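This report is written for a reader meeting the structure for the first time. It takes up the DNA surfaces, then the contact between the chains, and then a sheet and a single residue.

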Number of protein chains: 2
Amino acid sequence: MYELFFESFKKKVELTHEEQQHITKYLTPKKLRKKQYLLQEGDACKYVAFVEKGALRAYSMDDKGNEHIIQFGLEGWTISDLYSFITGEPATYNIDAIEDSELTLISASAHEELLNTVPKYETFTRLNITGAYVAMQKRLTSIISSPSEDRYENFNSLYPDIVQRVPQHMIASYMGLTPETLSRVRKKIVRK
Amino acid sequence: MYELFFESFKKKVELTHEEQQHITKYLTPKKLRKKQYLLQEGDACKYVAFVEKGALRAYSMDDKGNEHIIQFGLEGWTISDLYSFITGEPATYNIDAIEDSELTLISASAHEELLNTVPKYETFTRLNITGAYVAMQKRLTSIISSPSEDRYENFNSLYPDIVQRVPQHMIASYMGLTPETLSRVRKKIVRK
DNA sequence: CATTTCCATTGATCTATGTCAATGCTATTT
DNA sequence: AAATAGCATTGACATAGATCAATGGAAATG
C-alpha cells in the first residue's frame, strides 16, 4: 500500500523508516471505478489524491454544458481542486476516473497535521507544487503562443502515455479545442 | 528597505525581529528603469524578484518575433523564470520593467540557504507558490472555457490596477489576443 | 451474441480572430 | 516647440476553429 506515493516522496526528499510509518497513519487508500466521481463541483474538496494506478481527470463545465479538462492525473501524479482543498470553499472542478483507479488520499486535516509535524512533508509539498507550477506555466505559454499543430505534437512527445490511454476528445478538451478540430489537426500532421 | 516584502511575508507567516534581521542579510535591493531588462532569454535566471514598487512583465518570443506575456508583476508580486531559477538552465522568458521599479532580490544561493536555515521561509515560499498556482489555474481555465469578452471582463474586475497602468497591447498579449482583436472586444463590451 | 453507447472522422457552413494597412492621438525625446 | 515614436482604433480581407449533421467502426453492456 502507498508504494508509489512513498517512492515518489523519496525521489524528492529522503525519509527514515520511522518517518514513513508516521506519515502512513495519515494516509487513506481508495479505489475508484471508471466514471466514478472523486469530487463534484459545489462540494468541498476534502482530499488531495495521489494516483497509484489508473487515470483521472479534473474538469469544469461551462454555461453550455461543455466539459473543459484542466488536468489529467495518471500514475505518480497528484490531483485535486487545490483552491477548494485549502479554503474549504465549494469546488469549481469535477474530478472523476477515466479508468479503474487506486488512490492514496490525504485529507485536509491530515495535510495540516503533517505540515506542522513533519518538516520533510512540507518540503515534499513545496517541491510538488513548484513542479506543477512550472509545468502549468509551460502549458499556458504554449497555449498563448503556439499554433494548435505544434501544441499537439508537443503534448504528444511530452505525455505519450496520456495520448495512448485517454480518448481523443478529452485531449481536445485539455487543449481547448473541439474533437472535430483536433481530428483535423492530427490529419494535417500525419500528412507531413 | 524591503518594507513591502516583509509586510507581505508577515501576512502569511509571523516573524520575530531576529528572524527578520537574519533574512534581511540575504536580500538585495535593485532599481530598474522603464524598459530595462531584469532577465534575458538564454541567460540563467539568478534572482527571484519581489516588486516593491513599479511594474514588470515576463514574456516569451515566438518564431515570428511576437511577444507573449506570461505574467505581470506589480507591487507585492513576485516575478522570475522559476524553472531557470531552480535548475540553472537558460531562461525561456524575458523580464523587463514596464515602469521605473524597485525590487527586492533573492539569489538562488540565498534562497537555498534560507530554505535550509529558516523553516518559516520555506512555509512562506510554499504559500506563495501555492497561491500563484491557484491563480494560474484559474487563468488557464478561463482561457480554455470562456469567450474573450468574458475573459476580458473577468481580468478587468480581478486586476483593475493592471488595466489602468499597463498599455492595452500588453493586456492583449497576456490574453493571447492581438491588439486589434482586444480593441474590438472592448468595443463590443462598451455597447452593452 | 445482440444491442447500445461511445468515439473518431468527414463535409458544409458560420464565426471569431489574425493580418495588413492607414489614421490620428498622445507621450516622449531632442 | 518640433519631431519622433508608441499606441489604439478602424476597415478590408484571409484563416483557423466552431458548429451541425451524418457515417461507420469499436467497445461496453445486457
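The model is predicted.

**The surfaces near DNA**

The largest share of the surface near DNA strand C comes from α9(A), which gives six residues. In total 15 residues surround DNA strand C, and the closest are Gln168(A), His169(A), Ser183(A), Ser148(B) and Thr181(B). The elements that each supply at least two residues of this surface are α8 and α9 of chain A together with α9 of chain B.

For DNA strand D, 15 residues likewise form the surroundings, the closest being Ser148(A), Thr181(A), Gln168(B), His169(B) and Ser183(B). Two or more residues are given to the surface near DNA strand D by α9 (179-190) of chain A and by α8 (168-175) and α9 (179-190) of chain B. Here the largest share, six residues, belongs to α9(B). By class, the surface near DNA strand D has four nonpolar, six polar and five charged residues, and the surface near DNA strand C has four nonpolar, six polar and five charged residues.

**The contact between the chains**

Chain A and chain B each bring 24 residues to their contact. On the side of chain B that touches chain A, at least two residues come from each of β5 (67-74), α3 (82-87) and α5 (119-145) of chain B, and α5(B) gives the most, with 17 residues. Sorted by class, this side of chain B has twelve nonpolar, nine polar and three charged residues.

**A sheet in chain A**

Four strands of chain A make an open sheet in the order β2-β7-β4-β5, with antiparallel pairing. Because β2 (37-39) and β5 (67-74) of chain A stand at the edges with a single partner strand each, one side of each is left without a neighbour in the sheet. From one strand to the next, the twist averages 30°.

| Strand pair | Bridges | Opposite residues |
|---|---|---|
| β2(A) and β7(A) | two bridges | Leu39(A) and Ile95(A) |
| β4(A) and β5(A) | seven bridges | Met61(A) and Glu67(A) |

β4(A) and β5(A) form a hairpin with five residues between them, and Gly65(A) in the turn has a positive phi of about 85°. β4(A) is mostly covered, since six of its seven residues are buried. Helix α8 (residues 168-175) of chain A lies across β4 (55-61) and β5 of chain A, running at about 110° to β5(A). From the other chain, α5(B) also lies across β4 and β5 of chain A, and α5(B) runs at about 130° to β5(A).

**Glu122(A)**

Apart from neighbours within four places in sequence, Glu122(A) is in contact with Leu115(A) and, in chain B, with Glu122(B), Thr123(B) and Arg126(B). Glu112(A) is ten residues away from Glu122(A) in sequence, and their C-alpha atoms are 9.7 Å apart in space.

Technical notes: Residues numbered from 1 in each chain as written. Chains lettered and ligands numbered in written order. Predicted model: local features only at pLDDT ≥ 70, side-chain atom pairs only at ≥ 80, totals over all residues. Near = placed C-beta within 6 Å. Nonpolar A, V, L, I, M, F, W, Y, C, P; charged D, E, K, R; others polar. Contact = placed C-beta atoms within 7 Å. Pairing = 2+ DSSP bridges. Axes fitted to C-alpha atoms, helices over the stretch in contact; angles between N-to-C directions. Buried ≥ 20, exposed ≤ 12 C-beta atoms within 10 Å, placed from the backbone.
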